[in-house]
Amino acid sequence: MHKNPIVVANWKMNTNLSDAMVLTQTIKNGFENIDHVEGVLAPPAVWLYPMHEKISDCSIKHLSLCAQNIHSEEEGAYTGEISVVMIKSMVKYVLIGHSERNSFGETVQQSNQKIKLALKYNLSPIVFVGEHQRNSPEGEVVEDAKQLLKGVDREDYSKLNLVYEPLWAISSQKGAEPASASEVEKTVTALKKTFGEETRVLYGGSVNSQNCTEFLRLDDIDGVVVGNDSLNAKHFLEICMAATHTYGSD
Ligand code: PGA
């Protein structure tokens, strides 16, 4: 287990302002009792500023914010888009290449450009590497990760977080079920071997407060990404607590 595991809450396009503020306050209170684990909240971009105001003035240093996306250019005529420059002072992390974004047309080349741009501005990219078919050889995920990271300096690997995200396991897919611990282990170990100990490797796909320990106790895993169940503050805190316990039992 990495010495600083992270638990990422991907709220996707959910919550209104009041939901977001209540969730943030509840999670912030819960983090008074959580050590060794960093909670990473990825809300819709419009809530980043009020959430930043809420958590930046407190003594809790292991709760961070994350953007769900940035544009691949720094500025320009891109109506409706959000630039890294606009969010860099509020967030530590940015999600890049989530399969839902790929389904809206984001290409590997664009994700690669976004990773480099995030690193240029000292943000830590959380890069999703999908698996389309169950039981694909783990080499395919490793190859896809290599394409996503093409041209990234080796010295920046310590700022990277790779997420093994089987598409068939994401809760929004019909009939989705989480990957088994052994499927996750096989792939995260292959990613670690290729990209080195310094690169964090996470699992995402139907993780919830009931099944999280199966994943968090795997040797090579450095955390999890939680979609649906992260909209429930109690469950999200339970997952963070489970990560603390797993860390503590090492
Ligand atoms: P889920 O989402 O936990 O709802 O399956 C995970 C993800 O999309 O990263």
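**Salt bridges in the predicted model**

Modeller: In this predicted model, Glu 238 and Lys 234 form a salt bridge, with 3.0 Å between the closest N and O atoms. Both residues belong to helix 9, which spans residues 233-248, and because they are four residues apart there, about one helical turn separates them. Glu 238 is partly exposed, its relative accessible area being 32%, whereas Lys 234 counts as exposed at 56% relative accessibility.

Salt bridges that share partners also join Arg 101, Glu 106 and Lys 114 into one network. Within this group, the side chains of Glu 106 and Lys 114 meet in a salt bridge with an N to O distance of 2.7 Å. Glu 106 and Lys 114 are both buried, which means that each has a relative accessible area under 20%.

A further pair is formed by Glu 38 and Lys 92, whose salt bridge has its closest N and O atoms 3.0 Å apart. Glu 38 is part of strand 2 (residues 38-42), while Lys 92 lies in the loop between helix 3 (84-87) and strand 4 (93-96), so this pair ties together parts that are 54 residues apart in sequence. As for accessibility, Glu 38 has a relative accessible area of 10% and is therefore buried. Lys 92, at 41% relative accessibility, counts as partly exposed.

The structure holds 13 salt bridges, among them the pairs Glu 238 with Lys 234, Glu 106 with Lys 114 and Glu 38 with Lys 92.

How values were computed. Residues numbered from 1 in each chain as written. Predicted model: local features only at pLDDT ≥ 70, side-chain atom pairs only at ≥ 80, totals over all residues. Heavy atoms only, no water. Salt bridge = Lys/Arg side-chain N within 4 Å of Asp/Glu carboxyl O. Helix = DSSP H or I, 4+ residues; strand = E, 2+ residues; numbered from the N terminus. Buried < 20%, exposed > 50% of the residue type's maximum accessible area, 1.4 Å probe, protein only.
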